[in-house]
Every structure is written in C-alpha cells, then in structure tokens.
Amino acid sequence: VLNPDTIWELNYVDIIRNMQKFYFEKKIKNLLMVVNKKKSFDQRLKGDFELKMDKLYYAKEKNFIFTGCQLINKRLFKNFKEVSFPISKIWNDQINKSELYGYESSNEFVHLTDLDIYNKLNI
C-alpha cells in the first residue's frame, strides 16, 4: 500500500524490493517503511514510532516517521468488523503483540504536508 501524499521516486524501488524480501523471508504479517525524522524534508513532522531490532513501538521519544509504504497481510483485517476505520487500529493491535515491523529507508522523505511544503518544493 502506497500513500499518495509522499513523493515516490525511482530510488525507492530497491528499498521496496528489499522490504518484500524481508517480509516473505521472516513470514511476518506487516511491514512499514519508516525514515528517521532527521531525513524529512518537512522538519515540522513529528515522529510516529521508535524502531528497535526491526520492530516498531510507541515511546515518549518518536524518531521514526511512517513514509506511507506498507506491506500488510489481508488476514489482519478479519478481526475488524467496521467497514471503515483508521489503519492505526491494526498497528495498535500489532504493537500490543510486539508484531509491528519496520523497515528503515535511508532516502530523504518528502511528504506533501500542506501548500507551504508544496510551494517550497516548487513542483
């Protein structure tokens, strides 16, 4: 799943392929691409998670931002009866089980946060 508010460039292709390899070799149910917030074009963005030994978790200090790329097994949706809900419900469930995995990107993260960022990018 790719979020449309991230600028995806060809330099992400190898990272996504490596994510796929990690996902299938580890036989995990989910994998989120994250980036250290120091690599964010928009320095106003706060982190979403901490990353340690390939697992994501919530902590007081959150140095990693979800980039908008995730591999997720459809079976994780079966316990949710709502038709529409935030994906963070699944993430929270996986964090509670220590099963939310993260894959760190070394690319600069460019998120179209708002019109100000759009104008700074001069797209």
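Author: What follows covers salt bridges and then a charged surface patch. This is a predicted model, where local features need pLDDT of at least 70, side-chain atom pairs count only at pLDDT 80 or more, and totals for chains, interfaces and linings use all residues. Residues are numbered from 1 along each chain as its sequence is written, and side-chain values use heavy atoms, with hydrogens and water left out.

Reader: How many salt bridges does the structure hold?
Author: Six. A salt bridge here is a side-chain nitrogen of Lys or Arg within 4 Å of a carboxyl oxygen of Asp or Glu.

Reader: Which residues are linked in a network of them?
Author: Asp42, Arg44 and Asp114. Asp42 pairs with Arg44, with the closest N and O atoms 2.9 Å apart. Asp114 also meets Arg44, at 3.0 Å from N to O. Helices (H or I, at least four residues) and strands (E, at least two) are DSSP runs, numbered from the N terminus.

Reader: Asp42, buried or exposed?
Author: Buried, because its relative accessibility is 3%. Buried means under 20% relative accessible area, exposed over 50%, and partly exposed in between (1.4 Å probe, protein chains only). Arg44, at 45%, counts as partly exposed, and so does Asp114, at 31%.

Reader: OK, what does Asp116 form a salt bridge with?
Author: Lys120, with the closest N and O atoms 3.4 Å apart. Asp116 is partly exposed at 35%, while Lys120 is exposed at 54%.

Reader: Changing topic. Which residues gather in the patch of positive charge?
Author: Lys29, Lys74, Arg75 and Lys78, on the surface. Patches are made of residues with over 30% relative accessible area and no salt bridge; like charges are joined within 9 Å, and nonpolar side chains (Val, Leu, Ile, Met, Phe, Trp, Tyr) within 5 Å. Lys and Arg count as positive, Asp and Glu as negative, and His and the chain ends are not counted.

Reader: Where is Lys74?
Author: In the loop between β4 (64-72) and α2 (88-96). Lys74 counts as exposed because its relative accessibility is 70%.

How values were computed. Areas by Shrake-Rupley, 256 points an atom, 1.4 Å probe, with all protein chains shown as cover. Charge placed at Lys NZ, Arg CZ, Asp CG, Glu CD.
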